[in-house]
Amino acid sequence: MKKIELFLALVMGVSFVFPVLVLSVEGGRTPQELNKEAYFLVRQARKALYQKEERAAYDDFIKAGEVYAEIVRQYPDWQADSINAKIEQCRKEADEIGRRIFKLPDGYIEIKRDMTREGNRYDKGRIDEDKVKKIAENQYEVGGNTVTLVEEGPLQGASCSCPDYTYRGRKFGFACRHIWAIVLKEKLLKQ
Ligand SMILES: [Zn+2]
């Protein structure tokens, strides 16, 4: 009897302890483990790129960047310079591939970091910034006009219902005052 009791106690003990162990391993991986995972993702991405599988390469670079970012979040002091350089590298590579494989839908202009921040439309956009109302996920209202944002991979695009954009901006590829208002309000150039 005593042996059976001991056995039962052991089984119950293990089944209580074991899930906790599994959880703690999953929830708190060491920086070395995360670093290794990211390293393999980068290797996989380069292999995919070599095999002209650009979409797979893009996804793997994005994932690798996220894993490196997880190291920074959980262990900010662990090889910080090197990890930050790796994050930057993953983003750069994903961005380059993404620009080749993704395309904005017709009628959208790209919101780019190097958009010229000057001119009449930019100045008016700064004034309109206070009038911006978010009406849906990715949709805004500014002075009676509707601005819609889209995201395709690394590309971010915007479109506006106003005549200035419909007849000029859209055609020649520049932002109207309303798009500028959203860009400034949502700090879209600072990502
Ligand atoms: Zn507009």
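## Exercises on helix packing in a predicted model

In helix α2, residues P31, L34, N35, E37, A38, L41, V42, Q44, A45, A48 and L49 are in contact with E54, A56, A57, D60, F61, K63, A64, V67, Y68, E70 and I71 of helix α3.

**Exercise 1.** Determine how α2 and α3 are oriented relative to each other, and classify the residues of their contact.

*Solution.* 
1. The axes of α2 (residues 31-50) and α3 come within 8 Å and cross at roughly 165°.
2. Angles over 145 degrees count as roughly antiparallel. The two helices, α2 and α3, are therefore roughly antiparallel.
3. The crossing of α2 with α3 is left-handed.
4. Sorted by class, the contact of α2 with α3 comprises 15 nonpolar, two polar and five charged residues.

**Exercise 2.** Carry out the analysis for α3 and α4, giving the angle between their axes, the handedness of the crossing and the residues that meet.

*Solution.* 
1. Helix α3 spans residues 54-74 and helix α4 residues 80-101; their axes come within 8 Å and cross at roughly 155°.
2. It follows that α3 and α4 are roughly antiparallel to each other.
3. Their crossing is left-handed.
4. On the α3 side, the contact residues are E54, R55, A57, Y58, F61, I62, A64, G65, Y68, A69, I71 and V72; on the α4 side they are I83, N84, K86, I87, C90, R91, E93, A94, I97, G98, R100 and I101.
5. The contact of α3 with α4 contains 15 nonpolar, three polar and six charged residues.

**Exercise 3.** Describe the packing of α5 with α7.

*Solution.* 
1. The axes of α5 and α7 are 7 Å apart, at an angle of about 55°.
2. This angle makes α5 oblique to α7.
3. The crossing of α5 and α7 is right-handed.
4. R121, Y122, K124, G125, R126 and D128 of α5 make the contact with R177, H178, W180, A181 and L184 of α7.
5. By class, the residues of the contact of α5 with α7 are four nonpolar, two polar and five charged.

Terms used:
Residues are numbered from 1 along each chain as its sequence is written. This is a predicted model: local features need pLDDT of at least 70, side-chain atom pairs count only at pLDDT 80 or more; totals for chains, interfaces and linings use all residues. Axes are lines fitted to C-alpha atoms, for helices over the stretch in contact, and angles run from 0 to 180 degrees between N-to-C directions. Helices (H or I, at least four residues) and strands (E, at least two) are DSSP runs, numbered from the N terminus. Angles under 35 degrees count as roughly parallel, over 145 as roughly antiparallel, 65 to 115 as roughly perpendicular and the rest as oblique. A crossing is left-handed if the near helix is turned anticlockwise from the far one by less than a right angle, and right-handed if clockwise. Two residues are in contact if their C-beta atoms, placed from the backbone, lie within 7 Å. Ala, Val, Leu, Ile, Met, Phe, Trp, Tyr, Cys and Pro count as nonpolar, Asp, Glu, Lys and Arg as charged, and the others, Gly among them, as polar.
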